[in-house]
Every structure is written in C-alpha cells, then in structure tokens.
Amino acid sequence: MALHSCDTLAQNRQARLGRARTITGGKLLRPEQVTELLEAIIEPGDRVCLEGNNQKQADFLARCLSRVNPENVHDLHLVQSVVALSEHIELFERGIARRLDFSFSGPQGGRMAKLVGSGTIQIGAIHTYLELFSRYFIDLTPRVSLIAAQAADAAGNLYTGPNTEDTPVIAEATAFKNGIVIAQVNKIMDEVPRVDIPADWVDFVVESPKPHYIEPLFTRDPAQISEIQVLMAMMVIKGIYAEYGVQRLNHGIGFDSAAIELLLPTYAESLGLKGKICSYWALNPHPTMIPAIESGFVKSIHSFGSELGMEAYIARRPDIFFTGADGSMRSNRALCQAAGHYACDLFIGSTLQIDLAGNSSTATIDRITGFGGAANMGADARGRRHVSPTWLKAGQEAQGRNSSMPRGRKLVVQLVETFREHMQPAFVEELDAWQLMEKTGMDIPPVMIYGDDVSHIVTEEGIANLLLCRNEEEREQAIRGVAGYTPVGIARSRSAVENLRDRGIIKRPEDLGIDKRLATRDLLAARSIKELVRWSGGMYDPPRRFRNW
Amino acid sequence: MEQLEYEFDGAGSLRQSGPAVLVGVVSSGNLEVLVESAELGGRGRIVVNTSVRGFGEIWQAVLTDFAGRHNLANLLISINDAGATPAVVSLRLDQAAEEFYRGEP
C-alpha cells in the first residue's frame, strides 16, 4: 500500500483534459477556440513552455495566451529557450506570467532589462541551451507546452520540417511527465511527410491562421563583409585552423566567421588545406557555406535549426546534411548543442566585450540579451575522453611541461575587431555585465564565455594564444597586445608584448607570412547573395529582404 | 573637418622615386591613401584630412606604429578619412606602402 498518492500529476492531467472537453471533443481545435481552451487548461502558477526558438516561433499560440483573462490565468512561470516576441513580454506586463527561466532574448533585450528592473519579470536564471533543456528533465519540467510545427495529420502526428529545433526536447519532457502539449501547425494534412513528434505525445492541434514566423538568423550578405574581416579570416585559417589541423568545428553567427567560410574555397584551398581542415561541422545551414560545400571542403553538417531559403539546396545535398525519408532536413537544437560541445575541437565566435582575463559578454547596461549557442560551444568539454590531434595539441600547450596526466582541451576562439561601430572598444577593463548584475539583482554577472575557456583571441592586430600564457600577467599583456588602439591596448607594456611575440604567444599577420595586399574582398568566394545563388546552382532561394534584384 | 600633420624620421638611405600609389575610397568608414615621393630631406610626412574631430592621439599612435613598420624616407602620404576605424587605417596604410615598394620592405 502506498503511503502517499503517487499519481497526482496524472489525476491533474485528467482534470485539465476534462475541462477541455467542454470546448472540444477531439484533438483538433479551431483558431477561435484556443484562448478559451488555454484558460480552461492552464492553472495559476503553472510552468509553461511557449516554444520560442531562435528561429521558429509558436507565435499564434503566444498571441492567444497573451489574450487570456489574467484573473483566471496568472503568475505563470515561463521556461523557454528564447524570448523574442512582443507577446512574450506582454504576458508579463499583463500579469499573466511572473517568473522566467530562459537562454536568449535578442530583440527584446531592452524591454526585458526595464521590466526586470521594475520587478515585473522575475528571472530565475539565464541558462545555456543545454542547461535549460537539462532542467526540463529535473526541476523545470513544463506543465503545459505550446509548440510549433509545419503540419499535422488528424491523429496529431506532427511534421516539423527542417526547423525541428527545440520541439522534440520540449514535447518529450512535457508529454512523459503527464503535462499537456498543444501544437500550432501551418496546415492539417491527410498524411504528414514524416512523423517528427508522434501523435500520442500531443493533446491538441490547431491550424494557425498564418504560418509560424521563422527568422533567417544565420544569413549574412557577403556584400557587407569588410577587408578587415577578410584579413582576420586569413589569420584564423593560417594561424589556427592549419596550425592545429582543425577538422571538427562550430562557427558562431556573424560577418567575421562568414568571411572564414567564404575564404575556404579560395585562400584555404591555395594553402593546400582542402581535406585537412573544416570537414565536419555542428552548424546551421549558413548560406555562406555553399561555396565551401560545392568545392568539396565539407563532409558533414549537423544543424541546430534550418535557414530560410536553404531548404531545396539542403534536400539535394543529403551526403552533407541530416535529412529524413521525405528528403527534408531534420535539425535538433539539443542534440546539435551536445554535438558541438563534445564532438567538436573548435568554436569560434564574436562578442561585444572582452575583459583583461578574457571573459566575454554580450550584455550591456540596458540590455539583457542572454547567451545563444556560444556558451555551450565555447566551453571546454570537461566530460570529454576521446582524442584528436587538435584536442591533444591544445591540451599540451595549455599544460606546459609540468603535468603528469595527459589531457586535451578544446580550442575556443574569440574573433573581434578592436573597435565596434561608433568607435566602441571591444576590449574593456570591466565588463558591462557587472553593472547589469548590480542593476537587476542577479547573483553573478552574465558572462557568455569565461576567460579560462578561451584559447585564442583574434583581432585585426594579430592572434593572442592564451594557452601558452603561464600566469595572469602574461595573459593580460597578451590580450592588451592584440587590443589595438583601444585604451586597453594603448596601456600595454611594449616590452612585455614584444617578449610574448618572440615566444610566439602573439602573432602578427607578418609573423604568419600573410601578405596584407591580398586582404581584399576579391578573396571572397562570393561577394554577394546573388553569387551564393549561382554557387548553389539556383537551389538557394534567399528571403526577399536579401534580394536586390 | 580636421587637418592633422605628422613627421617621422626616415630610415637613412633616400628612396628612388617611384610612381604615386592611391588606394581606398572616401566612403563612410573608409579612407583614401595617396603615397608619393617628395624631397623631404630624408623625413616622411603624413597629412590627414578627417571628417571626425578629436581623435588626434589615436592617429598619432596608429601612424607612429606604421612608421615603425615601413621606411618613410622622402615619402609624402596624404589621407582623406571618412571615419575609418584604426583597423581600416592601418590596413590601408600597409597596403599602400607595400604597393608603393612592391614587396620591397
């Protein structure tokens, strides 16, 4: 005999479904029934996941939730990776939601900071993606999840299409802990092209009046890549990718890393590096990867999400991408984050601010932006045991001669120009994240990549290899030594920096044998979106905003 | 507009005069650099016309480092700047000097 009732969650689930039956007898909902259904099903204080990815958004369900009566539905605790929509913020302004655990809030960062400051939003924590998904299975399991898919059949089987993203991990955590899963789909079909989420994980389905929003977050127009970015990309390819033989990697978003992608078929090829670097990727299908793929540089790409316009191209390149029986891609943010963390030897990305210990942050005083994928990709995987030449070489450099236990480590590269736009220095004595912490009452400053995880910093002035630094003072001078004409860079000790240069800890373009006259846009494999389309044989179909023809 | 002028010692031997070199364009965030031979008694002169006022110290630092990387003896360098970052200025100057000397440092 059980001392405690052990199926309260199941009973509660049945009670919620019972209330729903006054509104609909089956799984399929009409759009106008959704707000009423949400009021019937959701209880005050519920943990709710309102699927917000960094691309796909359950935007119709978000709008419906923002319209419920706050007297009936209030004090919700939102647990979702991305807070991107105006409706997400309105939930807090209207008192429907109170507490938030999340990862990334890009476009709403400014409003978020204000509402946190006034106490309207209570933040539990800003997580890395894997950390938040992990907590779905420990102490942040959603009671109700509102998710987005491409299509459903009448039974409720879901087809997510290429932008699978967070959906599997959300649906699994909710469905297997007696929660309720509601999906918005772009269309109801007799038969879905493939089943991404099985029907018995899904309680209700609504065909949304408009297809869900998808942000083309990873498209960078080559026309906007600068010569400085070309120069830095040359340094990365010759000074890091070739030097360590980097075969398995992840690139962050941005023009800096897009420049590297567009230099693979030209500059890297001219150095004889095809087949020796950049074969295996954890990466969204960046359009700027098309020339490298078509040139035979790339063997495999697994993706967190998809990218608008790349669908047909991906479907015709199943050797490279992970595609289903229907031909279209299946992405998975949780699995790709794990892959990037454990199975890649290098992460490279940009940031807004780097301090003298190498800590980096994208937070500014009036914006809470969170982390995105860089935090998991840009951290040494302490749980890793398998060996690669790249990992071992980095580990040897980091350990020096005085360690008896051989161990490798990940290359984590920060790629920044010393000044951002409006002459804002990228190198600072103190990160703005500290002030943001004070202002919003956080326990720790929101640091995207910790300094002790960073192996290299690359600027237009050169490469600083932090692995080879033997104490904090050397590390600080190595960072100052590539910080250019920022106040941090000007305050360098010239003699210390020259000493680091003699020891190969700092390398200038001329130390790497790079001819700066080659650092022009002519070195890019494609100089415009239209040239990317041409490289793809017409299969890449860029979103309208990227077309000027 | 602000005009700034700097002079640097050349590294001894007087250079043979070559054809003038012009690189870059005057567009937002960019600059134009003209390198030409001039009779300057073995010194080098750099004249900066910039659309952004108040960065004299950074210009001084950028140009001093540039003069450390190249022999500016009897060179007149004219810069028309439209708000380029120090990174762009350094790259453009190096490109212009390397072009002027055609690889000869």
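This is a predicted model: local features need pLDDT of at least 70, side-chain atom pairs count only at pLDDT 80 or more; totals for chains, interfaces and linings use all residues.

Trainee: What makes α3(A) and α4(A) roughly parallel or antiparallel to each other?

Mentor: The cut-off for roughly parallel is an angle under 35 degrees. The crossing here is at roughly 20°, so α3(A) and α4(A) count as roughly parallel. As for the hand, their crossing is left-handed.

Trainee: Which residues of α3(A) and α4(A) meet?

Mentor: From α3(A) you have A62(A), R63(A), L65(A) and S66(A), and they meet E87(A), H88(A), E90(A) and L91(A) of α4(A). By class, that contact divides into 3 nonpolar, 2 polar and 3 charged residues.

Trainee: Where is V454(A) placed, and what is it in contact with?

Mentor: V454(A) sits in the loop between α15 (432-440) and β17 of chain A. Leaving aside neighbours within four places in sequence, its contacts are G358(A), V412(A), Q414(A), I449(A) and L466(A).

Trainee: And R30(A), buried or exposed? How do you know?

Mentor: Here the limit for exposed is 12 or fewer. R30(A) has 11 other C-beta atoms within 10 Å, so it counts as exposed. R30(A) belongs to the loop between β1 (28-29) and α2 (34-41) of chain A.

Trainee: How many residues apart in sequence are R30(A) and I182(A), and how many Å apart in space?

Mentor: They are 152 residues apart in sequence and 12 Å apart in space, C-alpha to C-alpha. For V454(A) and A10(A), the figures are 444 residues and 46 Å.

Trainee: Which residues of helix α5(A) are buried?

Mentor: In α5 (residues 109-117) of chain A, they are R111(A), M112(A), A113(A) and V116(A). What covers them includes α4, β5 (122-126) and α15 of chain A. Just after α5(A), G119(A) takes a positive phi of about 85°.

Trainee: On to the sheet. What is the order of its 8 strands?

Mentor: It's an open sheet with mixed pairing, in the order β12-β11-β10-β13-β16-β17-β18-β19 (chain A).

Trainee: Why do β12 and β19 of chain A stand at the edges?

Mentor: β12 (300-302) and β19 (506-507) of chain A each have a single partner strand, so one side of each is left without a neighbour in the sheet.

Trainee: How do you know that β17(A) and β18(A) pair, and in what sense?

Mentor: Pairing takes at least two bridges. β17 (residues 456-459) and β18 (residues 462-465) of chain A have 4 bridges, in the antiparallel sense. One of the bridges joins T459(A) to G462(A) in β18(A).

Trainee: Which helices lie across strands of this chain?

Mentor: Among them, α9 (residues 255-270) of chain A lies across β10, β13 and β16, at about 135° to β10(A). Helix α12 (residues 333-342) of chain A lies across β10, β11 and β12, at about 125° to β11(A).

Note on methods: Residues are numbered from 1 along each chain as its sequence is written. Chains are lettered from A and ligands numbered from 1 in the order in which they are written. Helices (H or I, at least four residues) and strands (E, at least two) are DSSP runs, numbered from the N terminus. Two residues are in contact if their C-beta atoms, placed from the backbone, lie within 7 Å. Axes are lines fitted to C-alpha atoms, for helices over the stretch in contact, and angles run from 0 to 180 degrees between N-to-C directions. A residue is buried if 20 or more other C-beta atoms lie within 10 Å of its own, exposed if 12 or fewer, and partly exposed in between; C-beta atoms are placed from the backbone. Angles under 35 degrees count as roughly parallel, over 145 as roughly antiparallel, 65 to 115 as roughly perpendicular and the rest as oblique. A crossing is left-handed if the near helix is turned anticlockwise from the far one by less than a right angle, and right-handed if clockwise. Ala, Val, Leu, Ile, Met, Phe, Trp, Tyr, Cys and Pro count as nonpolar, Asp, Glu, Lys and Arg as charged, and the others, Gly among them, as polar.
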